[in-house]
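Subject: Structure handover

Hello,

Here is the structure for your files.

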Amino acid sequence: MSPLDVLPAHPRCLPSLPRRPAVILSPASHDRDDSADDAFFPDLPPLLRGHPDIHLRNGVLTAARLAALHEPDAEKAYFVADLSYIYNQHQRWQRCLPEVEPFYAIKCNPDPYVLRLLAALGTGFDCASNGEIAQVLSIGVAPERIIFANPCKATSFIKNAARSRVHMMTFDNADELYKVARANPAAQLVLRILTDDSKSLCRLGLKFGAPLASVPGLLAKARELGLDVVGISFHVGSGCYDSSAFADAVMRARAAFDMGAAAGYAFRLLDVGGGFEEATFEATAAILRDALDRHFPDRADLRIIAEPGRFYVARAFTLAANIIARRAPLDGEHAAASGADGEPVVMYYINDGVYGAFNCILFDHQQVHPYVLAMGGSFHVPGNAPQSTSSVWGPTCDSIDCVCPVVALPAALQVGDWLAFANMGAYTVCAASQFNGFQVSAVVYTTGGGPGAQETRHALRTAAGEGALK
Ligand SMILES: *Cc1c(COP(=O)(O)O)cnc(C)c1O
């Protein structure tokens, strides 16, 4: 790698931002005169209107203002969440899979607005712990709309769920049956079977799921303990990029249903789990519908549910982060566009990283792609700007904190400029830490400026007004 030196922060960057915006932003874009309408829930941040890009840019302008006032953390990173995206995903779900009831997997993003919106839209919830169950119940969701979808639960959690009247829960081993028989004999058990998850980013089968060969034994044990097993569940793996995994999984579920009948159970529930990807959703839904028609042709009495997480929220959140430091060849040195073997010549340091929102890189096997939000005091980035091969790093003192190892970014990009990352709603905020004293980035909420904006507001307003969802 070529020798790189620290370039001093360029003084013009932050304070000059408002002076020459190439894109004119009207302050009215916030709908200020309608601000009473922003506060649906007293304890939550306001619910803004307008396209998320407006709020991404407003955040940059606000940061410049705060920096001029010498506010600590003036240029902090922030998310913009477009809740209408979630509303539209729900419409898409109902269009493609009208017979499958979604139970949103809250571990994916337990954001208070996301949960309230989905509750208002009528989804159920997949919870894995006391904390998640309490959070969903606290917004007024009935316990029947919760599945405790963790096959390996602490006995105290099973008891606590029973006290809250959450009875539907998964299992995949005999010890769980003994625990449930003691802690909640009224449980409605769902047996999670193992499926082929080899085409997924996160292979959940390494940890959960009963192989079909063990199903008859588990069902015999459940009968012996007098427990009610109501159906079968599976999870093809999170980030499943092969839709045919669902066809195989439904076939295995059919086999498990037949084993249930042989054991004297009349199963009435099929839970097809999560793993739905935004990009392949229509294809996956078609494969799932075909598989259901083939393996469950007579299903008038069958309740079919799913546990989508990522599908609902991944693209609803965008993160804006400030370039707080840069390491580049000194001015006057010959600045190559890239190093000898195409390795980065410029290193950018931004104020969120893998210990924060970008934990998805480590835990969720994601790659993230920045785009320039603001450069040199302007929101306009010329398409023909010369590029340098760059790397992007988080703010902590750990070298594992790398956001993008190699990425082409404009050569003129420097300290004070802003990068944005789309597709940051799934498995990001929820697992962020405060390692090294860096706070978790806050969220700015909008109901968007396009289709679904009114409906999203209406759903949240009704819910808040009725008090059904505190
Ligand atoms: C994580 C998880 C989900 C959600 O998976 P996605 O890939 O985000 O859809 C659903 N069900 C269970 C049991 C999970 O653990």
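A polar contact here is a pair of N or O atoms within 3.5 Å; within protein, one must be able to donate a hydrogen and the other to accept it, and residues adjacent in sequence count only if both atoms are side-chain atoms. By that cut-off, an oxygen atom of the ligand lies 2.9 Å from a polar backbone atom of Arg-310. A polar backbone atom of Gly-275 is also 2.9 Å from a ligand oxygen, and an N or O atom in the side chain of Lys-107 is 2.7 Å from one. On its own the ligand has 390 Å² of accessible area, of which the protein covers 93% (Shrake-Rupley method, 1.4 Å probe; for residues, only the protein chains shown count as cover).

The model is predicted: local features need pLDDT of at least 70, side-chain atom pairs count only at pLDDT 80 or more, and totals for chains, interfaces and linings use all residues. Residues are numbered from 1 along each chain as its sequence is written, and side-chain values use heavy atoms, with hydrogens and water left out.

The ligand is surrounded by 15 residues, and the closest include Ser-238, Glu-307 and Tyr-427 (near means a heavy atom within 4 Å).

As for disulfides (cysteine sulfur pairs within 2.5 Å), the whole structure has zero. The sulfur of Cys-402 has its closest cysteine sulfur in Cys-404, at 7.1 Å, too far for a bond. For Cys-430 the closest is in Cys-108, at 6.6 Å, again too far.

Regards
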